[in-house]
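Subject: Two-chain model, handover and notes

Hello,

Here is the model for your files.

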Amino acid sequence: MPPKILTVDDSRIVRMLISRALQGCDCQIVEATNGEEGLATALREKPDLILLDVTMPVMDGFELLARLRQEATLAKVPVIMLTAESSQESVAKADGLGVSGYIAKPFKEEVLRDRINGIIALAAKS
Amino acid sequence: MTSPAIKPATPVLLSKYAMEPTSESVSRLAALIAVRGGELDQIAKLIAADRALTERLLEGDVPATGAADEVERQIFRLGVEPILVLAMSEPLINAVRRTFETMAGIVLKPVEVGKGNESAVERFTSSLSITGRANGRVYLRLGEDFCRALAAQVLGMEGAAATAEDLRDVLAEMSNMIVGSFQSNLCDAGLTCKLSVPEVVADAVFAPPKVPRGRHRVFGFRHDGMLLLVDILVEFAG
């Protein structure tokens, strides 16, 4: 089965850019537009990788990340933060919550694609 | 240059996630914030070490020798806060240029802002506010031709095919990336602050709000004859 990637971002443009970056990759993309929807979608879809924005309405990315780590079935799912919030404090906070990657916006599509492929390959090996 | 506002362990983390190290302009801003209540000559020395900042402060009239003295006189005339806004401008300008180049392949050329320029671009205005140790707002203003070219580049489509919703959403996301990056720089420099969601309005006549102790600066950029104006309005907390 192709890996399933969950994108959680309130921006339609960013979700569109991620889909475009992953065109041609053998993966399935599911989307959510805020943290609360992201948690429900993650519980239902059991993704292999989550791409997560920070600043979102309803529930932000850090809260969702903390909640994911408390869910037995999702605690070990790799998460890549994809966010304009790139302060050292934010990076340290995400690191403390065990993220697998941190990509600051603006981002190059090829960087995103390479990081995703690398993490999926690593997860498949383990 | 290092700053007491930047945590020493962080470069290791930045390297772990392949993120860029703290830029010179952010380090300089952090250093300026750290000495903002100190002696003018300390502040003047920090500014004089940065040629671009000195040129902006002295409006291009940098003496061959004794630049620090001239900078100190200028700080005495203007006060420290306008100098901080000038120092904040560098990370903002960098964020604008980097975001346009990375997301749209558009290389922006900085231009002098004159009255004639400003009247030409009132079609779209996007703005976000920052609140915290630095309070203020950043505005991006551009005409429909530039907004359409931007949307076309970002979305990989013909400009004419972009809908009104595409134009607004692309401008909102570009603004979010630019000001989000800028806000992160301010946090790293010791001016902890939060960011609002972007607001985009069309056909509104731009007028920056009157803010007590507010400092306003505008920067211009050109691409293929089209103009982008970026305004920063800052009010310092206490």
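The notes go from the chain contact to the core, then to single helices and residues.

This is a predicted model: local features need pLDDT of at least 70, side-chain atom pairs count only at pLDDT 80 or more, and totals for chains, interfaces and linings use all residues. Residues are numbered from 1 along each chain as its sequence is written, with chains lettered from A and ligands numbered from 1 in the order in which they are written.

**Chain contact**

Chain A puts 22 residues into the contact, and chain B puts in 24. Two residues are in contact if their C-beta atoms, placed from the backbone, lie within 7 Å. On the chain A side, the elements giving two or more residues are helix H1 (12–21), helix H4 (88–96) and strand E5 (101–104). Helices (H or I, at least four residues) and strands (E, at least two) are DSSP runs, numbered from the N terminus. H4(A) supplies the largest share of that side, five residues. By class, the chain A side has nine nonpolar, six polar and seven charged residues. Ala, Val, Leu, Ile, Met, Phe, Trp, Tyr, Cys and Pro count as nonpolar; Asp, Glu, Lys and Arg count as charged; the others, Gly among them, count as polar.

**Core**

The largest nonpolar core has 96 residues. Such a core is a set of buried Ala, Val, Leu, Ile, Met, Phe, Trp, Tyr and Cys residues joined through C-beta atoms within 7 Å. A residue is buried if 20 or more other C-beta atoms lie within 10 Å of its own, exposed if 12 or fewer, and partly exposed in between; C-beta atoms are again placed from the backbone. Leu52(A), Met81(A), Ile47(B), Met88(B) and Leu150(B) touch the most other members. H6(B) gives the largest share of this core, twelve residues. Leaving out residues up to four places away in sequence, Met81(A) touches Leu52(A), Val54(A), Gly61(A), Ala94(A), Val99(A), Tyr102(A) and Ile103(A).

**H6(B) against H9(B)**

Helix H6 (residues 80–104) and helix H9 (residues 164–188) of chain B pack at about 145 degrees, with axes 9 Å apart. Axes are lines fitted to C-alpha atoms, for helices over the stretch in contact, and angles run from 0 to 180 degrees between N-to-C directions. The H6(B) side includes Met88(B), Leu92(B) and Met103(B); the H9(B) side includes Met174(B), Ile178(B) and Phe182(B).

H9(B) has 25 residues and reaches 36 Å from its first C-alpha to its last, close to the 36 Å expected at 1.5 Å a residue. The expected span is 1.5 Å times one less than the number of residues. H9(B) is mostly covered, with 22 of its 25 residues buried. Gly190(B) follows H9(B) with a positive phi, near 105 degrees. Gln183(B) lies in H9(B). Gln183(B) counts as buried because 30 other C-beta atoms lie within 10 Å. Beyond its neighbours within four places in sequence, Gln183(B) is in contact with Ile130(B), Cys193(B) and Leu195(B).

**H8(B)**

Helix H8 (residues 144–155) of chain B has twelve residues and reaches 16 Å, close to the 16 Å expected. Its buried residues are Phe146(B), Cys147(B), Arg148(B), Leu150(B), Ala151(B) and Val154(B). Just after H8(B), Gly156(B) has a positive phi of about 65 degrees.

**Ser129(B)**

Ser129(B) sits in strand E2 (residues 124–132) of chain B. Ser129(B) is partly exposed, with 17 other C-beta atoms within 10 Å. Ser129(B) touches Arg137(B) and Ser196(B), not counting residues up to four places away in sequence. Pro198(B) is 69 residues from Ser129(B) in sequence, and 8.1 Å away C-alpha to C-alpha.

**Backbone points to check**

- Lys105(A) and Pro106(A) are joined by a cis peptide bond, with omega about 5 degrees. Pro106(A) is in the loop between E5 and helix H5 (109–125) of chain A.
- Val58(A) is a residue other than glycine with a positive phi, near 70 degrees. Val58(A) is in the loop between strand E3 (49–52) and helix H3 (61–70) of chain A. Val58(A) is partly exposed, with 13 C-beta neighbours inside 10 Å.
- Asp224(B), also not a glycine, has a positive phi near 50 degrees. Asp224(B) is in the loop between strand E6 (215–223) and strand E7 (226–236) of chain B. Asp224(B) counts as exposed, with 10 C-beta neighbours inside 10 Å.

Best wishes
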